[in-house]
Amino acid sequence: MAVRKTLSMAAIQISRIMRPDDANIAGNVHGGTILKMIEEAGGIISTRHCNSKSGERCFAALARVERTDFVSPMSIGEVAHVSAEITYTSKHSVEVQVNVMAENILTGAKKLTNRATLWYVALSLKNVDKILEVPPITAFSAQVLGDCKQYERKEQEEEGKKRYEAQKLERLETKHKVDNVILPIVNPEPHTVGYSQSSLIHLVGPSDCTPHGFAHGGVTMKAMDEVAGIVAARHCKTNIVTASVDAINFHRKIKKGSVLTVSGRLTFTSNKSMEIEVFVDVDPFVDDTQGRYRAASAFFTFVSLNKEAKPLPVPQVVLKSEEEKKRFEEGKGRYLQSKAKRQTEMNSLTQ
């Protein structure tokens, strides 16, 4: 893996060739692998930024990933170029914009596969429960080259502030849902929510963690994508791929030695897509003074494909309870909102 530094140190690029062990069952690169690389790039640049001033040393912890669309699949043998740039800083958080390009090294052709926005907070190395102040974006590289990274337009700072306030509000809203649980269902019928729901249990080991003993956000996201994929495959019985991920909110840190329970359930189906809700619950296996807690949650959207990678119709989910019907309507609202946004973007490009 190579990391390229730009002159201003305000952006980096990570590049790695995609190997067979990065593949999903269809032979393309696993969506979770791409999410993991996105977080690695974001973690590097935000940690570097947070330590660009003198004072208490810290590391950047992932707090939120905004909606991420998988624009096109990446193939094994292609080189993934993950570019990350800091675009906004508040008093305690850093916004990082990430683009992922796939390069065919035989032909030189490149294509965009992903765009993502990540938010990090600075945690003290001496006391990981202490959130430190973040250096302003204009001071990013002053110590290194005297070449300050500044907003190109005054409006950029105001736009960044609006994004910050919006994500802060949405994070608060998700905290009210931490009591949601996925319970096992005995002898569920095909195409019901209970038939496809799935869970994965994982012990967080040293290879999953940062040097500071906490699970990488990318490792958690990859596990979430795997569970969501299992739910989608059980429902369709076909090849499935990740189409998009709604905002992933990280509510609390995950320590090395913890046991993760990653659970997923179907919430909504359209003609050609499925929405899966995923929770990450943590049992502090080593520290028995702390009880079980919710660490992260998100909605994943998958599509079903045939052998020629063409979209297939998705079986409609069979709803059994009022709660399932409520979640379906909420998912339908998110689906229609996303569809309208994509249409608006397409219209703006053609004008």
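Asp225 is buried, with a relative accessibility of 3%; here buried means under 20% relative accessible area, exposed means over 50%, and partly exposed lies in between, using a 1.4 Å probe and protein chains only. Asp225 sits in helix 4, residues 217-236. Helices (H or I, at least four residues) and strands (E, at least two) are DSSP runs, numbered from the N terminus. Leaving out residues up to four places away in sequence, Asp225 touches His30, Gly31, Gly32, Leu35, Thr242, Phe300 and Phe302, where contact means heavy atoms within 4.5 Å.

A word on what you are looking at: this is a predicted model, in which local features need pLDDT of at least 70 and side-chain atom pairs count only at pLDDT 80 or more, while totals for chains, interfaces and linings use all residues. Residues are numbered from 1 along each chain as its sequence is written, and side-chain values use heavy atoms, with hydrogens and water left out.

Asn24 lies in the loop between strand 2 (11-17) and helix 1 (31-50). Apart from its neighbours within four places in sequence, Asn24 is in contact with Val29, His30 and Val241.

Now step back to the whole chain. Its secondary structure comes to 5 helices and 14 strands, and 49% of its 351 residues count as buried. Among contacts between residues at least 6 apart in sequence, 72% join residues at least 24 apart. The chain exposes about 17,800 Å², and carbon and sulfur atoms supply 54% of that area; accessible areas come from the Shrake-Rupley method with a 1.4 Å probe, and for residues only the protein chains shown count as cover.

Ile248 is placed in strand 11, residues 248-250, and counts as buried at 0% relative accessibility. Ile248 and Val65 are 183 residues apart in sequence, but their C-alpha atoms are 5.0 Å apart in space. Beyond residues up to four places away, the residues that Ile248 touches include Val65, Met221, Ser297 and Phe300.

Next, look for aromatic rings. A search of the whole structure finds 6 aromatic pairs; rings of Phe, Tyr and Trp (its six-membered ring) pair if their centres lie within 6.5 Å, and planes under 30 degrees apart count as stacked, over 60 as edge-to-face and the rest as tilted. The rings of Tyr88 and Tyr164 have centres 6.4 Å apart and planes at 40°, so this pair is tilted. The pair links distant parts of the chain, with Tyr88 in strand 5 (residues 79-89) and Tyr164 in helix 2 (residues 154-174), 76 residues apart. Tyr88 is buried at 7% relative accessible area, and Tyr164 is buried at 16%. Phe268 and Tyr335 form another tilted pair, at 5.4 Å centre to centre and 40° between the planes. Phe268 is in strand 12 (residues 259-269) and Tyr335 in helix 5 (residues 322-350), so the pair ties together parts 67 residues apart in sequence. Phe268 is buried at 5% relative accessibility, while Tyr335 is partly exposed at 27%. Ring pairs also link Tyr88, Trp119 and Tyr164 into a cluster.

Most residues other than glycine have a negative phi. His191, however, has a positive phi of about 70° although it is not a glycine; His191 is in the loop between helix 2 and helix 3 (193-196) and is partly exposed at 31% relative accessibility. Lys237 also has a positive phi, near 60°. You will find Lys237 in the loop between helix 4 and strand 10 (239-245), where Lys237 is exposed, with a relative accessible area of 59%.
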